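User: I want to go through the pockets and annotated sites of this model. Please back each label with its cut-off.

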Amino acid sequence: MTSLTTAQESVASIDADALIVGWAADGSVAAHPLLSDEAREAIAAGAAALDASSKAGKVTVLPGVGVAARRVVVVGVGDATTEDLRTAAGEASRAVGKKPAAVVVALPVESDEAAVAVAQGALLGAYAFTDYKSDEDAATDTAWTVAGASDAAIARAQILIAAAAGIRDLVNTPPLDLFPGSFAEIAQQLGAAAGVEVKVWEAQDLANEGFGGILGVGMGSSRLPRLVRVGYAPEGATQTVALVGKGITFDTGGISLKPSKSMETMKSDMTGAATVLHAVIAAARAELPVAVTAWLCLAENMPSATAQRPSDVIRIYGGKTVEVLNTDAEGRLVMADGLVKACEEDPDVVLDVATLTGAQGAALGTRTSGVMGTEAIRDEVVAAAGEADELMWPMPLPEHLRAGIDSKVADLQNMGDPQGGGMLTAGIFLREFVGDTPWGHLDIARPAYNEGKPWAENVAGATGHSLRTLFRFLENRAQA
Ligand code: BES
Ligand code: MN
Ligand code: ZN
């Protein structure tokens with residue numbers, strides 16, 4: 001098992017496959033209370049000869065001379081902000097050699113925040129999804145030591161890393177194996193282990209109670225849809241936060257079929273559900289004094305003889321009707337059911353997380369999520385993202401786009417103005433289902449899944465993006 005611990009002894013004498021140290025702008029090894037001046041100078045001589053760079057995440061690898069570790073990874077720490085340190089640890093974690101059994105990290109961790117960032121960078125940067133590799137040795141188990149970190153920082157890092165890795169595992173799992181029923185079972189198992197309450201609506205329950213959005217999207221698949229409620233309600237909590245996650249375990253587009261290229265990454269269309277599930281579990285493990293309820297809207301969007309058709313009208317939970325003009329705009333349909341249900345419990349705030357639109361990527365690119373909603377909540381989410389070092393940007397819900405989702409036959413239609421602003425139209429659609437509840441909407445379509453090269457703590461595939469923001473939002477609420 002990969003592990004994370006701290007050490008409070010001189011790092012030069014710790015036996016390890018690799019020792020990671022920082023490289024500062026003044027051309028020296030970044031100071032660390034557990035790294036002696038002799039060791040720093042020995043490493044600095046080698047690093048300078050190889051033109052080491054202080055740019056955050058720039059890696060220079062040296063043989064382990066003057067230290068017990070076999071190699072020394074010197075990595076630029078930039079301005080040593082938490083973001084720079086996470087990036088440095090992330091990049092360095094992929095330069096520690098093949099299958100290291102033990103790695104010691106001696107980056108500057110003067111605050112708990114810095115120590116958490118370093119631990120996240122190291123363990124998430126070295127994350128690999130190997131469940132489907134035949135080679136039994138495909139997985140690497142590494143003992144990571146973050147030197148000088150406090151026990152509190154290690155405990156907090158373990159919770160946040162486990163949540164991000166848990167999201168990645170779910171998202172990376174092929175849709176053959178991760179479908180609404182199996183996802184609901186996993187939620188039950190994880191929930192039981194964390195001591196939180198889990199309730200599952202099977203397809204028949206959804207039909208009985210009128211969840212027409214989740215059913216409409218899910219009815220084209222032989223693997224029937226589910227709604228899952230995961231509740232953490234600590235004694236004495238004065239705040240209740242509801243989290244609603246899009247859980248399309250595979251999005252073919254349905255009858256409005258996607259081109260094959262656009263479909264390749266659509267196993268990631270359940271990232272929102274995975275994220276809200278792990279956010280609740282993390283809140284419970286951290287014993288945050290705030291009640292958190294996650295709603296997982298799970299369906300597989302398939303084209304078939306039983307699939308919904310463009311022009312079908314469905315009835316969302318609570319009664320509003322929607323004309324489905326494009327079966328590929330399915331996320332807003334399942335989310336509508338989830339939002340109405342979540343708001344029925346009268347939470348203080350509801351946040352929804354969804355890989356909702358390709359338009360998010362067109363507007364903001366592959367790394368920055370769009371945040372919409374009630375303005376105060378939108379700004380609270382963006383502020384939490386800033387504190388958590390995640391790229392999120394506030395977006396408007398312009399009133400003139402509202403008329404675009406008026407339907408000729410139903411209360412609403414699931415497509416809007418064809419001239420652009422698809423991310424905003426989707427937000428405006430969701431707004432119809434939250435009533436007066438203060439609401440935030442996170443469109444994480446592209447940041448959820450890295451189609452490019454590894455960067456910072458992100459490897460290829462699922463990233464876990466938005467978990468840190470949600471957790472920070474919950475922590476801030478707990479203090480309010
Ligand atoms: N799951 C997709 C959005 C998406 C696209 C996520 C790319 C990640 C990467 C969503 O269900 C979808 O297909 N949206 C359509 C909506 C349109 C038909 C109004 C889109 O964005 O094209
Ligand atoms: Mn779609
Ligand atoms: Zn989708």
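User: Which residues does K258 touch, not counting residues up to four places away in sequence?

Analyst: This is a predicted model, in which local features need pLDDT of at least 70, side-chain atom pairs count only at pLDDT 80 or more, and totals for chains, interfaces and linings use all residues. Residues are numbered from 1 along each chain as its sequence is written, chains are lettered from A and ligands numbered from 1 in the order in which they are written, and side-chain values use heavy atoms, with hydrogens and water left out. K258 touches D251, T252, G253, M263, M266 and D328, not counting residues up to four places away in sequence. Contact means heavy atoms within 4.5 Å.

User: Why is K258 called buried?

Analyst: Buried means under 20% relative accessible area, exposed means over 50%, and partly exposed is in between (1.4 Å probe, protein chains only). K258 has 16% relative accessibility, so it counts as buried. K258 sits in the loop between β9 and α8. Helices (H or I, at least four residues) and strands (E, at least two) are DSSP runs, numbered from the N terminus.

User: What makes K258 and R332 a listed pair?

Analyst: The UniProt record, an unreviewed entry, lists K258 and R332 under "active site". Both K258 and R332 are in the lining of the second largest pocket. UniProt positions are given in the numbering used here, feature names are shortened, and annotations may be inferred rather than shown by experiment.

User: How do you know that R332 is buried, and where is R332 placed?

Analyst: The relative accessible area of R332 is 7%, so R332 is buried. R332 lies in helix α10. Its contacts, not counting residues up to four places away in sequence, include L356, T357 and N414.

User: What makes the second largest pocket a pocket, and how much space lies in it?

Analyst: The test runs on a 1 Å grid over the protein atoms alone. A pocket is an open set of points with protein on both sides within 12 Å along at least five of seven lines, whereas a cavity is a set where a 1.4 Å probe fits but cannot get out. Lining residues have an atom within 4 Å of a point. The space in the second largest pocket is about 710 Å³. A volume is the space filled by probe spheres set on the points, with grid points joined across faces, edges and corners. Its lining has 32 residues, and nearest the centre are K258, L356, T357, G358 and A359.

User: How do you know that the "binding site" residues gather at one spot?

Analyst: UniProt, in an unreviewed entry, places "binding site" at K246, D251, D269 and E330. They span 85 residues in sequence, yet no two of their C-alpha atoms are more than 11.2 Å apart, so they gather at one spot. The lining of the second largest pocket includes K246, D251, D269 and E330. D269 touches K246, D251 and E330, among others, not counting residues up to four places away in sequence.

User: Why are K246 and D269 called buried?

Analyst: K246 has a relative accessible area of 2%, so K246 is buried. D269 has 2% relative accessible area, so D269 is buried. K246 is in strand β9 (residues 240-251), and D269 is in the loop between α8 (260-263) and α9 (271-285).

User: How do you know that the largest pocket lies between domain 1 and domain 2?

Analyst: Domain 1 (3-149) and domain 2 (174-479) both give residues to its lining, so the largest pocket lies between them. Domain bounds come from an automatic or database domain assignment. The volume of the largest pocket is about 990 Å³.
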